Amino acid sequence: EVQLVESGGGLVQAGGLLRPSCAASGSSSDAYAIAWFRQAPGKEREGVSCVDKSNGNTYYADSVKGRFTISSDNAKNTVYLQMNRLKPEDTAVYYCALVRLSSWYALVHPLKGYEYEYWGQGTQVTVSS
């Protein structure tokens, strides 16, 4: 039902910026949360940022707080992750994920992967030193 497609990754030098996007299709409801996760080779998946569209709350991992900003363009059904002052340790495949919400289900752990129903295919972000 819901399809997520990420794009906009790439290769940048440390201190640079990228703004990957996640286009969602298959749902017109605003009762959902959408998040960015990342996974580097040999490492566990890490929740990066989330926006809960039911209340507007946003969440960030400590490792990216102050550098990354999640935003959305509702007319385009697209969510963005503005990544500034990138570091080599930000190198990973970045995934977006979505969970539908309701009056009886709200997010408890916004940056935990098990909360999410739908996942995109990922986009590679590489930061060189």
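Colleague: Let us start with C22 and C96: buried or exposed?
Modeller: C22 is buried, and C96 is buried too. Please keep in mind that this is a predicted model.

Colleague: How many disulfides are there?
Modeller: The count comes to 1 disulfide. C22 and C96 form this bond, with an S to S distance of 2.0 Å.

Colleague: Which parts of the chain does the pair link?
Modeller: The pair links distant parts of the chain. C22 belongs to strand β3 (residues 21-25) and C96 to strand β9 (residues 92-100), and the two cysteines are 74 residues apart.

Colleague: And why is the disulfide right-handed?
Modeller: The torsion about the S-S bond of C22 and C96 is about 65 degrees, so the disulfide is right-handed.

Colleague: Why does C50 count as buried?
Modeller: C50 counts as buried because its relative accessibility is 0%, and buried means under 20%.

Colleague: Back to C22. What stands opposite C22 in β8?
Modeller: V79 stands opposite C22 in β8. The strands β3 and β8 pair in the antiparallel sense, over 3 bridges.

Colleague: Which residue has C22 as its bridge partner in β3?
Modeller: That residue is E6. Strand β1 (residues 3-7) runs antiparallel to β3, and 5 bridges join the two strands.

Colleague: What is the strand order in the open sheet?
Modeller: The order is β1-β3-β8-β7, an open sheet of 4 strands with antiparallel pairing. Its edge strands are β1 and β7, each of which pairs on one side only. From one strand to the next, the twist averages 20 degrees.

Colleague: How many bridges do β7 and β8 have?
Modeller: β7 and β8 pair over 6 bridges, in the antiparallel sense. In one of these pairings, F68 has M83 in β8 as its bridge partner.

Colleague: Let us turn to the packing. Which residues of the largest nonpolar core touch the most other members?
Modeller: They are L4, I34, W36, F68, L81, M83 and Y94, out of 26 residues in that core. At least two residues of this core come from each of β4 (32-39), β5 (46-52), β7 (68-73), β8 (78-83), β9 and β11 (123-128).

Colleague: Which strand gives the largest share?
Modeller: β9 does, with 4 residues of this core. There is also a second, separate core of 9 residues, and among them are A33, C50, V99 and Y116.

Colleague: A change of topic: how many salt bridges are there?
Modeller: The count comes to 5 salt bridges. One of them joins R38 and D90, whose closest N and O atoms are 2.9 Å apart. This pair links distant parts of the chain, since R38 sits in strand β4 and D90 in the loop between β8 and β9, 52 residues apart.

Colleague: Are R38 and D90 buried or exposed?
Modeller: R38 and D90 are both buried. For D90, the relative accessibility is 0%, so it counts as buried. The side chains of D90 and R38 also make a polar contact, at 2.9 Å.

Colleague: What about K65 and D62, buried or exposed?
Modeller: K65 and D62 are both exposed. Their side chains meet in a salt bridge of 3.1 Å, N to O.

Colleague: And with which residue does R100 form a salt bridge?
Modeller: R100 forms one with E117, the closest N and O atoms being 3.5 Å apart. Here too the pair links distant parts of the chain: R100 lies in strand β9 and E117 in the loop between β9 and β10 (118-119), 17 residues apart.

Colleague: Why is R100 classed as partly exposed?
Modeller: R100 counts as partly exposed because its relative accessibility is 40%. E117 is likewise partly exposed, with a relative accessible area of 41%.

Terms used: Residues are numbered from 1 along each chain as its sequence is written. This is a predicted model: local features need pLDDT of at least 70, side-chain atom pairs count only at pLDDT 80 or more; totals for chains, interfaces and linings use all residues. Side-chain values use heavy atoms; hydrogens and water are left out. A disulfide is a pair of cysteine sulfur atoms within 2.5 Å. Buried means under 20% relative accessible area, exposed over 50%, partly exposed in between (1.4 Å probe, protein chains only). A nonpolar core is a set of buried Ala, Val, Leu, Ile, Met, Phe, Trp, Tyr and Cys residues joined through side-chain atoms within 4.5 Å. Two strands pair if DSSP finds at least two bridges between them. A salt bridge is a side-chain nitrogen of Lys or Arg within 4 Å of a carboxyl oxygen of Asp or Glu. Axes are lines fitted to C-alpha atoms, for helices over the stretch in contact, and angles run from 0 to 180 degrees between N-to-C directions. A polar contact is a pair of N or O atoms within 3.5 Å; within protein, one must be able to donate a hydrogen and the other to accept it, and residues adjacent in sequence count only if both atoms are side-chain atoms.
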